[in-house]
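Please consult the sequence and coordinates shown below while reading.

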Amino acid sequence: MTPRLTLLAWLLIAGAAIAAPAYIDKLGILSATRIVILALWAVSLNLLLGRTGLVSFAHAAFFGVGAYTVALLWLHLDLPAVLGVPLSVAVGALVAFLTGAVALRAVHLYFSMLTLALSQLLFVIAFVWYDFTQGDNGIHGIDIPDVLRDTAGSYWFVLAVGALGIVALWLVSRSPFGTALQAIRENRQRAAFIGINVRRYELAAFTVAGAFAALAGSLFALFNRSAYPGLMDWTAGAQPIFVILIGGMYEFVGPVLGAMVYVLLEESVTRQTLYSNLVLGAVFLGIVLLRPDGLAGLVRTLAGRMRRSRLAPVADDSLEPHDTDQLEPER
Amino acid sequence: MDLDTLVIQLLAGLTRAGLLFIVSAGLSLVFGAMRVINLAHGSLYMLGAFVASTVVATIGGDWGLFPALVVSAAAAALVGSVIEVGILRRLYRREHLLQLLATFAIVLIISDIVEIVWGTANLSVARPAVLSGSVPILGRPFPTYNLFIIAAALGTGVALTLLLRRTGLGRDIRAAIVDPEMLGGVGVDVPRLFTVVFVIGSALAGMAGAIAAGSGAVGLGMDVEILVQAFAVTIIGGLGSIPGALVGAGIIGVADAFGILFLPRLTLAIIFLAMAIVLAIRPSGLFGLPERT
Amino acid sequence: MRMSRTELILEVRDVSRSFGGFAAVDGVSFTVAAGERRAVIGPNGAGKTTLFNLLTGLLRADAGSVLLGERELIGLPPHRIASAGVSRAFQTTSIFPRLSVRQNVQVALLAAAGLTRRVWGDGWSQKRDEAERILEEVGLGTNADQPASMLSHGDQRAIELALALAHRPQLLILDEPTAGMAPAETAATMALIRRVVAERSMTLLFSEHDMEVVFGTADRITVMHQGQVLTEGTPGDVRGDARVQEVYLGAADVAS
């Protein structure tokens, strides 16, 4: 696709998204809003997962931090909740930086376990510090401006902020910094030997990712008008991971596609059966086993096959993700 | 606080530690030998508890729990073997993340299956008559069942240690823990070894579930509740180390018991803090081997 | 472009490293002159790889010092040593598998130029030409777009070499560059290395098991045994040294 065609395609998509309240019903717009929030959250996680190769369980905690920023601003300081949106980026960045500084002292499995432990600490704090956070009850009924009480209005607000966030992440992802992250993902040790200060870059990525997860959380708090500890529990963090899995972790746009599929899938499943865990679990298992590079990977493979079928037949080079922990050249 | 209360609390902590140890030992072996984070371990524990409730209800409460221990372990082992052979085996050459996600998907599946089969209500399981009642310790009544739990934990520890140190299988497992890459090179049938380890781990989880069933209510949510604590124990004690799991379980169990007394709301936080500290300072845990970068 | 070559030497002084009581490297000292091609040989377990790990920052030395010109390398993390002018290729091929061949070199160039700090701009569009020039130099000009993991073992070693060159190092450290290669491949690889080293006026430090390779490429040889330097000299000196022959008795001096 030429750059001009790509730009045109994106303009069309943007137009369709903005005009959505005109042709989609109220329930659909609510779903669309959910999709944008989830997409932002998942794209921020993918900066770590897909780009840098860091499996972090802390992303639910940062999401929750963003939600609580909005809620606490309103609850304790009596300030407009909307201010929490830009503020959440700073708060999220700070919390992520501190968490990452500790968590990144370890690598691989241990790093992941550390992110779990640290984020659970945050969850417990939210749960237990009743005077500050209202504990298990959560904070509800957050006051929002009238324009956001309207379904379309809140959708447009979320869309605008979400799109800004995703574009910012896109810029970071494709920058030279992003190439260094990919090198780290591919071969951490080698990346150090070509001159990259791996820890520092990982911490930077972790901080940025956390900041935008918090941004997504702040949008959630405005949209749902509430914040509660359950948002921060590590099992909630499985959501963006599955979104990334569905959409594909090696393409930037993957998590966006994944968010669409996930929300629609989840909503239709919960409408039809009580046992949504069973169905969703089976679907995810299927994806893990059969199509781990997700939708975007599928598209890429198909596009590659189409391209090659016009030339001489060549061996299939669909990139199967392989174990990056050990490199075996004779595989 | 007087000495008597101290001792009683300590014993309560050891009871909790005992149960945690049995669960964590299985998790630690799988984690250590296969480098798999098996999130479904808690689900197998929960499955064991529910199966035990059915067995006890069928046979009768007077001694029904004893066969339940075996049945639960077997059921969990069976499910575990299906998981390993049918699912995990296909993912070993792939990213660790995919194995993790697969086990998480299995958590979802099992939790709903349990709900479908047993419903949502909490169930209670009758203890065997011989284990009911209490034993006076320092003048205070201490539940006999708790002593059973501690004994079961010690027995499990001894059995596992003997397995690891005195058998060929145990030698292979220890080799896997130390250097997974060398395994194939020294002529070990790796797929079979992995299946055996996973089945052992699953059986331990199931048996622990049955024991827990006799101790209190059986309900949904048991899977996640035990999982994080088991991970904390495994991390603190070190991957693949039975003594480590013992020490880790002891620390967590006792901290839990005393924490509930003094800082009830922060007990959980303390556990996570301990986990984080160990990971940050000595990631391989108290007894584990240093991880190669 | 850079300071006079005659000033550049590598000075290893009394470097030691033990692992739980076992001295893998024990008081090793030697110097390498600018532009020299130095081989480090010794039977398995002599400490060659540990020594290289110490020189490139992968391991921390217990004692001693390593000077690159005026600069102390001991204590520097690997990424600092890379920017100090030392580049290393590994015994087990270590590249970026899912990135294309060109991307492998590009990211090394971006890192070398300090551009990886930038969070704006299109990363993969930068340093393309320079990457392609280096790929031509190592004979990989035609495969630039292929994922690096799909290349043959020998070609992957060439990528490794390309990565090492991206920093324009003064000192190139190669750990068993021809390990696992058939004789024809070995000859081609060493010819490539010699050419590249000469064209760029680099200093070369390499370890090898294949004696033909060593004698065909090295100006001077340092022989290690049980963590210490046994002897040092020209290929002729070393070939005729009785102690060296004794140390290799039973460990045949053939290609690995």
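## Terms and basis

Two strands pair if DSSP finds at least two bridges between them. Helices (H or I, at least four residues) and strands (E, at least two) are DSSP runs, numbered from the N terminus. This is a predicted model, in which local features need pLDDT of at least 70 and side-chain atom pairs count only at pLDDT 80 or more, while totals for chains, interfaces and linings use all residues. Residues are numbered from 1 along each chain as its sequence is written, and chains are lettered from A and ligands numbered from 1 in the order in which they are written.

## Strand β8 of chain C

Strand β8 of chain C covers residues 203-207, and five of the five are buried, so the strand is largely enclosed by the rest of the structure. A residue is buried if 20 or more other C-beta atoms, placed from the backbone, lie within 10 Å of its own. In a regular strand the side chains alternate between the two faces of the sheet. Here Thr203(C), Leu205(C) and Ser207(C) lie on one side and Leu204(C) and Phe206(C) on the other.

Strand β3 (residues 37-41) of chain C runs parallel to β8(C), joined by four bridges; Ala39(C) has Phe206(C) as its bridge partner. Strand β7 (residues 171-175) of chain C also pairs with β8(C) in the parallel sense, over five bridges, and Asp175(C) stands opposite Ser207(C).

## Contact between chains C and A

Chain C gives 35 residues to the contact and chain A gives 26, where contact requires C-beta atoms, placed from the backbone, within 7 Å. On the side of chain C, α3(C) provides the largest share, five residues.

Methods: Two residues are in contact if their C-beta atoms, placed from the backbone, lie within 7 Å. A residue is buried if 20 or more other C-beta atoms lie within 10 Å of its own, exposed if 12 or fewer, and partly exposed in between; C-beta atoms are placed from the backbone.
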